[in-house]
Amino acid sequence: VPENEKFQEKVSEAQSWGPRESFVGWKVGNEGGKFGPAISQAVGTSNFDLSYNGLGDNEMKKIADGVQRNFIANPPPAEGNGISGKIVKLNLSNNHIHAVGIGYLCAALTPKEPRAKFSLEELNLANNAIGPEGAEAIATLLGINRQLKRVNLSWNNIANRGFLALCKNLKEHHADARINISYNEFDLQDPEWDEEAIKVATRVLGGREARETVFVGWNETALRDL
């Protein structure tokens, strides 16, 4: 069966997908927008791996719409934890997503009501091209979305601006959050950094310009004390 026919058949059966669905390396490219409707219908799936698929911003617009529809179609029970949606883990690493695509996704993950909660807890965006603007959008989302606790932004060139935005938007509801910012270049000698920025950078990065593994946790890095 040709790969494109295999993909068409797979997404048409989304309602029967299992708890974890992996599309790693399918390289669907422009066809990736079809993940959107499938995700909205996949009521039995909590873990989606869409890495290595050549997904860009146009595809992300449709995928984000599918994520939002998944939340809307699966409201919280009358009695329960008040969480909408079925998606818990979403892996979008190693694609071609820029700040525009991240904007679509963040809009879908932003609750319209202050007390609303969405099911997504882990988001992997490693090795894309979100840049500082995309990191700022994720940072704003973290300040609003209390469920999202694991975000991988490694290899994304988020720069100083994105790094500081992430640090400043982590609050007490992200006491154990892990935001992976590995392999992003940071300039600790930036003359535009004020005293507070330098203090945050020193606390989180340990005074070094780059680290192979950096996990930012509100408790672990004692950002609450700054």
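Colleague: Why are helices α4 and α5 called roughly parallel to each other in this model?

Modeller: The model is predicted, and the answer rests on an angle computed from it. Helix α4 (residues 99-108) and helix α5 (residues 131-144) pack at about 15°, with their axes 8 Å apart. Angles under 35 degrees count as roughly parallel, so α4 and α5 are roughly parallel to each other. Their crossing is left-handed.

Colleague: Which residues of α4 and α5 meet?

Modeller: From α4 come Ala99, Ile102 and Cys106; from α5 come Glu133, Gly134, Ala137, Ile138 and Leu141. By class, this contact of α4 with α5 has six nonpolar residues, one polar and one charged.

Colleague: What makes α3 and α4 roughly parallel to each other?

Modeller: The axes of helix α3 (residues 57-73) and α4 cross at roughly 5° and come within 8 Å. With the cut-off for roughly parallel at under 35 degrees, α3 and α4 are therefore roughly parallel to each other. On the α3 side the residues are Asp57, Met60, Lys61, Ala64, Gln68 and Phe71, and these meet Val100, Gly101, Tyr104, Leu105, Ala107 and Ala108 in α4. The contact of α3 with α4 divides into eight nonpolar, two polar and two charged residues.

Colleague: Where does Asn95 lie, and why is Asn95 called buried?

Modeller: Asn95 lies in the loop between β4 (89-91) and α4. The relative accessible area of Asn95 is 4%. Buried means under 20%, so Asn95 is buried.

Colleague: What does the side chain of Asn95 reach at 3.0 Å, and what at 2.9 Å?

Modeller: At 3.0 Å the side chain of Asn95 reaches the backbone nitrogen of Leu55. At 2.9 Å the Asn95 side chain reaches the backbone oxygen of Leu92. The cut-off for a polar contact is within 3.5 Å. Leaving aside neighbours within four places in sequence, Asn95 is in contact with Leu50, Ser51, Tyr52, Asn53, Gly54, Leu55, Asn127 and Asn128.

Colleague: Is Lys27 buried or exposed?

Modeller: Lys27 has a relative accessible area of 67%. Exposed means over 50%, so Lys27 is exposed. Lys27 lies in the loop between β1 and α2 (35-41). The phi of Lys27 is near 50°, a positive value in a residue other than glycine.

Colleague: Why is Ala159 called partly exposed?

Modeller: The relative accessible area of Ala159 is 23%. Buried means under 20% and exposed means over 50%, with partly exposed in between, so Ala159 is partly exposed. Ala159 also has a positive phi, about 60°, although it is not a glycine. Its place is in helix α6 (residues 159-169).

Colleague: Which residues are buried in α6, and what do the buried residues of α6 pack against?

Modeller: Asn160, Gly162, Phe163, Leu164, Ala165, Leu166 and Cys167 are buried in α6. The buried residues of α6 pack against α5, β8 (178-180) and α7 (195-205).

Colleague: Which residues does Arg20 touch, not counting residues up to four places away in sequence?

Modeller: Arg20 touches Thr45, Asn47 and Asp49. Contact here is heavy atoms within 4.5 Å. The C-alpha atoms of Arg20 and Asp49 are separated by 8.0 Å, and these two residues are 29 residues apart along the chain. Arg20 itself is in strand β1 (residues 20-22).

Notes. Residues are numbered from 1 along each chain as its sequence is written. This is a predicted model: local features need pLDDT of at least 70, side-chain atom pairs count only at pLDDT 80 or more; totals for chains, interfaces and linings use all residues. Side-chain values use heavy atoms; hydrogens and water are left out. Axes are lines fitted to C-alpha atoms, for helices over the stretch in contact, and angles run from 0 to 180 degrees between N-to-C directions. Helices (H or I, at least four residues) and strands (E, at least two) are DSSP runs, numbered from the N terminus. Angles under 35 degrees count as roughly parallel, over 145 as roughly antiparallel, 65 to 115 as roughly perpendicular and the rest as oblique. A crossing is left-handed if the near helix is turned anticlockwise from the far one by less than a right angle, and right-handed if clockwise. Ala, Val, Leu, Ile, Met, Phe, Trp, Tyr, Cys and Pro count as nonpolar, Asp, Glu, Lys and Arg as charged, and the others, Gly among them, as polar. Buried means under 20% relative accessible area, exposed over 50%, partly exposed in between (1.4 Å probe, protein chains only). A polar contact is a pair of N or O atoms within 3.5 Å; within protein, one must be able to donate a hydrogen and the other to accept it, and residues adjacent in sequence count only if both atoms are side-chain atoms.
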